[in-house]
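Here is a short tour of a protein model. Keep the sequence and the 3D view side by side as you read.

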Amino acid sequence: MSSGIDSVLMGIILMNLWLVATSRISACIKIVAFQGILVAFLPFVAHASSVTVETSLFVLATVALKGFIFPWLLFRALREANVRREVEPFIGYPVSMVFCVFIFLISMWLGARLPMPRPVFSALVVPVSFATILIGFFIIISRTKALTQVLGYLVIENGIYVFGMALLVEQPVLVELAILLDVFVAVFVMGIAIFHISREFDHIDTHHLSQLRDWTAPKEEVRP
Amino acid sequence: MMFGLFFVPLVAGLLSFIIPWDRLRRTMLMIVAGSHLAMTACCWIVAPPTALNGWFVLDPLGVLFLGIISVLFFAAAIYGVQYLAKEKHHRQGRDEQFLFNNAPEAVFTGCLLIFLAAMTLVVMSQNFGVLWVAMEATTLVSAPLIYFHRHHRSLEATWKYLLICSVGIALALLGNLFLAVTQGPEQSSLLLADLIKNGPLLNIPWLKAAFIFLFVGYGTKMGLAPMHTWLPDAHSEAPSVVSALLSGALLNCAFVSVLRGYQACIAAGIGDFCQDIFILFGILSLFFATIFIFGQTDYKRMLAYSSIEHMGILSLGVGLSGAAVYGAMFHAVNHSLTKAGLFFIAGNILSHFRTKEVKDVRGVLRVLPRSGVLWMAGFFAITGTPPFGVFLSKFMILRAALDQGRVGLAVIFLAVLCAIFIGAARIFLPMAQGAAPEDLKNPAGKEPGFSVLPTMILLALVLVLGLYIPGGLSDLLSAAARMITDVP
């Protein structure tokens with residue numbers, strides 16, 4: 001039982017490492033989708049004895065959304081944006097890998113600092129959740145394309161789900177579904193925004209999105 | 001009543017996507033804004049019963065902020081209708097040699113109304129899950145509003161807004177889960193009433209972690225430094241109606257969300273831990289705002305940084321606790337009314353001068369006399385000059401700090417306010433005075449009554465509040481303040 005959940009959690013962490021080492025955007029989308037499916041199945045692995053109909057429905061909805069609808073939306077955005085299919089990170093792949101391992105160590109330490117007030121079936125839940133969230137942040141700041149930033153957002157979302165799913169925090173199903181709906185709309189709207197960005201600028205590199213700032217050098221300083 | 005407050009704008013918003021006639025849609029916007037205001041007034045007089053097992057309650061804190069949202073939305077609707085009519089005439093704007101098309105008006109009106117529904121849901125909900133859903137919904141429906149002018153800079157602002165706020169609010173979701181964990185193995189309710197009832201039993205380390213995540217998450221949306229980076233971009237690039245609502249209503253919604261978490265923490269007896277965080281981020285925001293108001297070249301950005309300053313003041317007031325909380329609640333009212341009015345006037349100036357650069361706008365008092373006078377009045381109001389309400393609420397917070405013997409904080413607060421006064425004066429005054437630039441196309445500007453009327457009303461309200469606080473409002477403010485004051 002415990003080894004089953006531990007291996008799923010380790011799988012999620014390995015997905016993170018794989019993600020930061022991958023250079024093709026399409027592969028990245030697939031990895032994040034696969035990670036989402038793994039996360040969605042956590043309640044089945046963790047609470048195999050007490051699976052209700054509601055939980056199963058929710059797991060199905062999550063799998064459909066994270067595993068199929070999101071990648072579909074992102075692939076569509078990628079196709080329409082017609083960009084180069086490389087990730088082009090600010091920080092190189094080997095350094096990113098080292099960084100992620102470092103993040104995982106910090107998360108282990110954090111997890112040890114915050115003991116759970118309720119029985120937990122695996123000591124890895126909290127560290128894996130924290131590490132996934134932090135790696136999501138790392139992806140957002142270290143990758144240049146708008147699309148990879150959405151992927152980072154999804155990784156953060158996955159990390160939060162690890163925590164919620166593994167503990168099976170009992171929220172009413174309606175609220176859970178509303179949260180899923182919100183995340184869906186977020187990705188949908190971001191997809192539209194990516195499409196507009198690519199039409200407006202002919203690429204989706206976010207470092208061109210830097211016109212808005214304070215203290216810009218005045219355009220025409222010299223006036224006769 | 002509470003269902004009406006939420007569903008009327010929601011249904012009207014959905015309808016306006018399919019209504020093809022501009023006139024009908026604008027009339028509907030006005031009617032919804034008016035009826036929302038009327039329903040809010042009823043809720044203030046007679047507290048509505050709780051709905052859905054205590055998930056939705058309009059407590060004093062909720063009524064106060066619902067009132068702010070409703071009044072601002074009504075003003076924004078008046079301003080917005082004439083704004084939309086004007087934008088219709090020159091749909092293809094020309095700004096810095098860049099042609100752009102506005103988004104369809106139906107989408108704009110629809111999103112505006114759904115935005116109102118989402119904000120109403122935020123202040124009503126007592127369940128942290130629903131609260132989160134509503135907050136995220138405000139981000140998603142306001143993103144198309146910011147991208148109304150299909151301009152590449154508004155696109156940049158929209159992208160930053162979407163990403164930064166979505167990620168920020170995702171952290172608040174983690175905070176929600178932590179809140180559920182604090183209650184031990186048997187229970188994981190996310191109802192505020194349950195959390196307050198079980199206050200002393202909550203697990204303290206996890207509750208602290210939960211508050212930090214809620215604070216950082218919703219604080220991002222509230223525009224507290226250093227999580228504020230989306231705010232100046234979004235406020236400066238959005239149409240002025242939207243900027244007014246973002247600044248006056250949306251930031252307050254985020255503030256309410258943080259306060260809900262704070263309520264649970266007070267019940268658990270870690271109020272002082274939270275207060276330190278409130279004070280720290282309040283002071284940080286004040287510093288950031290001061291630095292960026294000085295040397296600001298864009299007047300809408302300057303107003304945005306002023307919003308960060310005022311959010312900092314709110315946070316500081318709550319952090320000081322005691323009498324300052326009343327001051328903070330009062331300040332929220334004053335700031336919203338004043339700032340919305342200023343954004344409306346900024347919109348008038350922008351549409352006449354066609355630039356957001358401070359150095360290119362001169363002689364507003366001559367070219368647009370009514371807007372110019374209101375612009376000056378707004379300047380005095382927002383910087384806290386005596387007859388206005390903003391002065392009174394800032395003074396309350398300052399006095400509370402001195403009464404508690406926190407002289408250092410009081411000195412910093414005062415120094416920063418003086419610096420901001422000077423910084424803002426260097427932007428407001430030259431814009432209003434002097435002769436109009438020679439290359440201005442039509443020196444005698446037209447000012448339709450509806451473009452200045454909302455600001456006139458809002459600033460008059462702030463002026464009245466500075467001289468006299470009505471008994472009903474005072475009671476409401478104290479009741480709201482009592483909910484978020486840590487009684488030792």
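R354(B) has 15 C-beta neighbours inside 10 Å, so R354(B) counts as partly exposed. (Buried takes 20 or more other C-beta atoms within 10 Å of a residue's own, exposed 12 or fewer, and partly exposed lies in between; C-beta atoms are placed from the backbone.) The phi of R354(B) is near 60°, a positive value in a residue other than glycine. R354(B) lies in the loop between helix 13 and helix 14 (364–367) of chain B.

S321(B) also has a positive phi, about 65°, and is not a glycine. S321(B) is buried, with 24 other C-beta atoms within 10 Å.

The peptide bond from A225(B) to P226(B) is cis, with omega near -5°.

## About the model

This is a predicted model: local features need pLDDT of at least 70, side-chain atom pairs count only at pLDDT 80 or more, and totals for chains, interfaces and linings use all residues. Residues are numbered from 1 along each chain as its sequence is written, and chains are lettered from A and ligands numbered from 1 in the order in which they are written.

## Where the chains meet

Chain B gives 39 residues to the contact and chain A gives 35 residues. (Two residues are in contact if their C-beta atoms, placed from the backbone, lie within 7 Å.) On the side of chain B that touches chain A, helix 6 of chain B supplies the largest share, 17 residues. (Helices are DSSP runs of H or I, at least four residues, numbered from the N terminus.)

Note on methods:
Helices (H or I, at least four residues) and strands (E, at least two) are DSSP runs, numbered from the N terminus.
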